[in-house]
Amino acid sequence: MTATESATHGTSELTALVHRAWAEALGHDEFTDEDNFFRVGGHSLGALQVVRDLSAALERRIPVRVFFRSPTVRALADVLTADAPKDQA
């Protein structure tokens, strides 16, 4: 999914993308969109993996601090949606 696609399709598809990145980093998908990454088995290296994967999928740099400030699927998806480039068509 490109940044343009994520901006066009909105939060629900971005939420699914974040959910998949978390599941891959955690090695399981037993969490909700409201669970804190670090309370469901996540660690700093897993957080870096999520940021790397999302940056690649969205074709834009995502600072690691964004993840640490928004450690739930929903919060991270909301921040990424709000920060999506507006000038790409």
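This is a predicted model: local features need pLDDT of at least 70, side-chain atom pairs count only at pLDDT 80 or more; totals for chains, interfaces and linings use all residues.
View 1. Ring pairs join Trp22, Phe31, Phe37, Phe38, Phe67 and Phe68 into a cluster. A pair of aromatic rings is described by the distance of the centres and the angle of the planes.

**View 2. The pair of phenylalanine 37 and phenylalanine 67.** The ring centres of phenylalanine 37 and phenylalanine 67 are 5.0 Å apart and the planes stand at 90°, so the pair is classed as edge-to-face, given that planes over 60 degrees apart fall in this class. Phenylalanine 37 belongs to the loop between α2 (11-26) and α3 (44-58), while phenylalanine 67 belongs to helix α4 (residues 64-69); the pair thus links distant parts of the chain, 30 residues apart. Both phenylalanine 37 and phenylalanine 67 are buried, the latter with a relative accessible area of 1%.

**View 3. The pair of phenylalanine 38 and phenylalanine 67.** With ring centres 6.1 Å apart and planes at 85°, phenylalanine 38 and phenylalanine 67 also form an edge-to-face pair. Because phenylalanine 38 is in the loop between α2 and α3 and phenylalanine 67 is in helix α4, the pair ties together parts that are 29 residues apart in sequence. Phenylalanine 38 has a relative accessible area of 30% and is therefore partly exposed.

View 4. Proline 63 is located in the loop between α3 and α4. Its relative accessibility is 15%, so proline 63 counts as buried, the limit being under 20%. A distance of 9.7 Å separates the C-alpha atoms of proline 63 and leucine 48, which are 15 residues apart along the chain.

Definitions and conventions: Residues are numbered from 1 along each chain as its sequence is written. Side-chain values use heavy atoms; hydrogens and water are left out. Rings of Phe, Tyr and Trp (its six-membered ring) pair if their centres lie within 6.5 Å; planes under 30 degrees apart count as stacked, over 60 as edge-to-face and the rest as tilted. Helices (H or I, at least four residues) and strands (E, at least two) are DSSP runs, numbered from the N terminus. Buried means under 20% relative accessible area, exposed over 50%, partly exposed in between (1.4 Å probe, protein chains only).
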